[in-house]
Amino acid sequence: MRLTRQTNYAMRILMYCAANDGRLSRIPEIASAYTVSELFLFKILQPLVEAGLVETVRGRNGGVRLGRPAENISLFDVVRVTEENFAMAECFENDATECPLVDSCALNAALREALNAFFEVLMRHSIADLVAQKSSMRGLLGIEMPVEQRALAG
């Protein structure tokens with residue numbers, strides 16, 4: 001199974017927002033950090049907003065931020081929102097009636113078990129886990145440290 005580019009960048013948007021510590025993130029900044037088009041990120045944003053994973057603030061000083069704490073957003077939450085199809089084989093499809101084994105196939109059962117194991121692992125990891133090293137991530141992504149944190153560090 002291969003996750004789509006959309007899922008990959010959806011996770012990256014959430015990681016960027018988590019590393020930004022609740023401050024509003026602007027799509028041009030995120031696009032620049034990952035060298036991807038703003039239009040592509042805007043398309044990804046809609047399902048994330050609809051699922052409550054991200055919230056948007058409109059206006060001149062607007063942007064995006066996590067819709068709930070990073071530790072409460074599992075990787076499974078993201079995959080479930082961004083992936084359209086989890087069919088690992090034709091027999092997973094709803095209209096799979098051509099195979100005479102469809103209701104009692106050991107292959108189907110094994111693939112289903114593998115898919116469920118994949119989902120279980122994704123449920124154990126959160127966006128917060130991915131940005132555990134926030135300070136190094138901020139530097140890599142070009143996120144400036146908030147003024148109040150700079151004062152404390154200096």
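Q: Which residue in strand 2 does Thr-56 stand opposite, and what makes strand 1 and strand 2 a pair?
A: Thr-56 stands opposite Val-64 in strand 2. Two strands pair if DSSP finds at least two bridges between them, and here 4 bridges join strand 1 (residues 54-57) to strand 2 (residues 63-66), so the two strands count as paired. They run antiparallel, and in their hairpin, which has 5 residues between the strands, Gly-59 takes a positive phi near 110°.

Q: What kind of model is this, and how are its residues numbered?
A: This is a predicted model, in which local features need pLDDT of at least 70 and side-chain atom pairs count only at pLDDT 80 or more, while totals for chains, interfaces and linings use all residues. Residues are numbered from 1 along each chain as its sequence is written, and side-chain values use heavy atoms, with hydrogens and water left out.

Q: Is Thr-35 buried or exposed, and how do you know?
A: Its relative accessibility is 72%, so Thr-35 counts as exposed. Thr-35 lies in the loop between helix 2 and helix 3, and although it is not a glycine, it has a positive phi of about 45°.

Q: What makes Tyr-9 and Tyr-34 an aromatic pair, and which name does its geometry receive?
A: Rings of Phe, Tyr and Trp (its six-membered ring) pair if their centres lie within 6.5 Å, and planes under 30 degrees apart count as stacked, over 60 as edge-to-face and the rest as tilted. For Tyr-9 and Tyr-34 the values are 6.3 Å centre to centre and 75° between the planes, and the pair is edge-to-face. Tyr-9 lies in helix 1 and Tyr-34 in helix 2, so the pair ties together parts that are 25 residues apart in sequence. Tyr-9 counts as buried at 10% relative accessibility, and Tyr-34 is buried with a relative accessible area of 10%.

Q: What makes the pair of Tyr-9 and Phe-40 stacked or edge-to-face?
A: The ring centres are 5.6 Å apart and the angle between the planes is 80°, and this pair is edge-to-face. With Tyr-9 in helix 1 and Phe-40 in helix 3, the pair ties together parts that are 31 residues apart in sequence. Both residues are buried, and Tyr-9, Tyr-16, Tyr-34 and Phe-40 form one aromatic cluster.

Q: How do you know that helix 2 meets helix 3, and which classes of residue make the contact?
A: Contact means heavy atoms within 4.5 Å, and in this way Ile-27, Pro-28, Ile-30 and Ala-31 in helix 2 meet Glu-38, Leu-41, Phe-42 and Leu-45 in helix 3. The axes of helix 2 (residues 27-34) and helix 3 (residues 38-50) come within 9 Å and cross at roughly 115°, where axes are lines fitted to C-alpha atoms over the stretch in contact, and angles run from 0 to 180 degrees between N-to-C directions.

Key: Buried < 20%, exposed > 50% of the residue type's maximum accessible area, 1.4 Å probe, protein only.
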